[in-house]
Amino acid sequence: MLTTDVAVVGGGMAGASAGFEISARHRVVLLEREAFCGYHSTGRSAASFTENYGNAVIRRLARASRAFFEHPPPGFAEVPLVAPRGIMTIGRADQLAALAHAFERGRASVPDLVEMDPADAVARVPILRSDYVAGAFLEPRSLDIDVHAVHQAFLKGLRERGGTLLTDAEVLALERRHGRWRIETRAGSLEAAILVDTAGAWADELAALAGARPIGLMPKRRTAFLVDAPSGLAVASWPLVDDVGEAFYFKPDAGRLLVSPSDASASPPTDAQPEELDVAIGLERIERATTLEVKRVSHKWAGLRSFVSDGSPVAGWDGEIDGLYWLAAQGGYGIKTAPALARLSAALIAHEVLPPDFAEADLSEAVLGPARCRAPR
């Protein structure tokens, strides 16, 4: 039987990054239920890094992750992990109060937010309707993330540190015996001292196999699709355009435009598929805000963003089940916060003092752990 120190269940960005960081201190086996890692939410991300989206905890985790993306460890990846892509938030006349509030709130975490004149916003992205945009501001240092490159680099780094990756390895049963986990999978059996639950939308289901109480995970479906860019316009340098009311966003994507209606429909854990109604809503919203006349949708997809009640990720020891560590509920922020959550998790699993930047940002197991999500027994 395969034996290891730590079994990480789930090969998406959370599992790959955590496995990479943990493997610097422990033997790691990473288990993925699908034929390849990143099939679900990781492979369906909008690939945007921003410090001005999500609650206060998410924003602090993003700030703690920026340095890794901009300056990864030597040899980590063969290509840059990020590229410049500003984010422009726009509002209609009836949204100006909300836009002003979002700007003031954003400056607390991103002091270099820049207010924009509506005419400048339309000049920057000329498909925007001048009678739609009444105000705007820009986050100039936001980034595009090469999600595939980041994910594959974490997996490569895990293997280079002696870790093992098993695909087609859905966990079927868990049992705690004499301080170790007995893990039955479709790829065989293994034993580990520590089980790390990075199973995404299935994290509560995996924890139930371990006898743990749920954290109240709520998967929500988000839709995206690609449309042709307008003929004769160079779109590559456009920022991501985000509606202050979170009704839609769009951004350049390999010569086309990626559009989302920013939907958040409750869903069971599943291989999420786009609903035609959500695509139609996205098209209606984008055509109302811009001069685009969409003739066809070239590709469409959906992914699950999993939350708990307070909107912050869950990262910490279960506290009730020995040897069970949670890394779940990243919401729609799991890519941009992965480096920080992985570093924090590796330190907690090794029972080390957290690095100073976490203390300075008020990021701790007390803030992120699963106890906050459960009613007292």
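This note goes through a predicted model, point by point.

1. Three strands make an open sheet, ordered 3-8-4, with antiparallel pairing. Strand 3 (48–49) and strand 4 (82–84) stand at the edges. Each has a single partner strand, so one side of each lacks a neighbour in the sheet. Strands of a sheet pair through backbone hydrogen bonds, either parallel or antiparallel.

2. **Strand 4 against strand 8.** Three bridges join strand 4 to strand 8 (residues 143–145), in the antiparallel sense. Which residue is the bridge partner of Val82 in strand 8? The partner is Ile145.

3. Lys251 forms a salt bridge with Asp144, and the closest N and O atoms are 2.8 Å apart. Lys251 lies in strand 15 (residues 249–253) and Asp144 in strand 8, so the pair ties together parts that are 107 residues apart in sequence. Are these two residues buried or exposed? Both Lys251 and Asp144 are buried.

4. **Helix 2 and Leu143.** Glu70 is found in helix 2 (residues 56–70). Its relative accessible area is 35%, so Glu70 is partly exposed. The C-alpha atoms of Glu70 and Leu143 are separated by 9.6 Å. Along the chain, Glu70 and Leu143 are 73 residues apart.

5. The structure holds 28 salt bridges. Side chains of opposite charge can pair when their charged atoms come close. One of the salt bridges joins the side chains of Glu104 and Arg107, at 3.7 Å from N to O. Both residues sit in helix 3 (residues 96–109). Glu104 and Arg107 are three residues apart there, so about one helical turn separates them. Glu104 has 49% relative accessibility and counts as partly exposed. Arg107, at 39%, also counts as partly exposed.

6. **A salt bridge between loops.** Glu170 forms a salt bridge with Arg186, with the closest N and O atoms 3.0 Å apart. The pair links distant parts of the chain, 16 residues apart. Glu170 is in the loop between strand 9 (164–166) and strand 10 (171–177). Arg186 is in the loop between strand 11 (180–185) and strand 12 (188–197). At 24% relative accessibility, Glu170 is partly exposed. Arg186 is exposed, at 58%. What network do these residues belong to? Salt bridges with shared partners join Arg33, Glu34, Glu170 and Arg186 into one network.

7. **Cysteines.** How many disulfides are there? The count is zero. Cys37 has a relative accessible area of 11%, so it is buried. Cys373 has a relative accessible area of 19%, and this residue is also buried. The cut-off for buried is under 20%.

8. **The hairpin of strands 19 and 20.** Strand 19 (residues 314–317) and strand 20 (residues 324–328) pair in the antiparallel sense over four bridges. Trp317 stands opposite Tyr325 in strand 20. The two strands form a hairpin, with six residues between them. Gly319 in the turn has a positive phi of about 85°.

9. Most residues other than glycine have a negative phi, and most peptide bonds are trans. His178 has a positive phi, near 50°. His178 is placed in the loop between strand 10 and strand 11. At 83% relative accessibility, His178 counts as exposed. His351 has a positive phi as well, near 55°. His351 lies in the loop between helix 8 (334–349) and helix 9 (356–360). His351 counts as exposed, at 66% relative accessibility.

10. **The second largest pocket.** The second largest pocket has a volume of about 250 Å³. Its lining is made of 15 residues. Which of them lie nearest the centre of the pocket? They are Gly43, Arg44, Ser45, His299 and Trp301. Strand 18 (residues 297–307) gives the most to the lining, with four residues. By class, the lining has eight nonpolar, four polar and three charged residues.

Key:
Residues numbered from 1 in each chain as written. Predicted model: local features only at pLDDT ≥ 70, side-chain atom pairs only at ≥ 80, totals over all residues. Heavy atoms only, no water. 1 Å grid on protein atoms, 1.4 Å probe; cavity = no way out; pocket = protein on both sides within 12 Å on 5 of 7 lines; lining within 4 Å. Points joined across faces, edges and corners; volume = space filled by probe spheres on them. Nonpolar A, V, L, I, M, F, W, Y, C, P; charged D, E, K, R; others polar. Pairing = 2+ DSSP bridges. Disulfide = S-S within 2.5 Å. Buried < 20%, exposed > 50% of the residue type's maximum accessible area, 1.4 Å probe, protein only. Salt bridge = Lys/Arg side-chain N within 4 Å of Asp/Glu carboxyl O.
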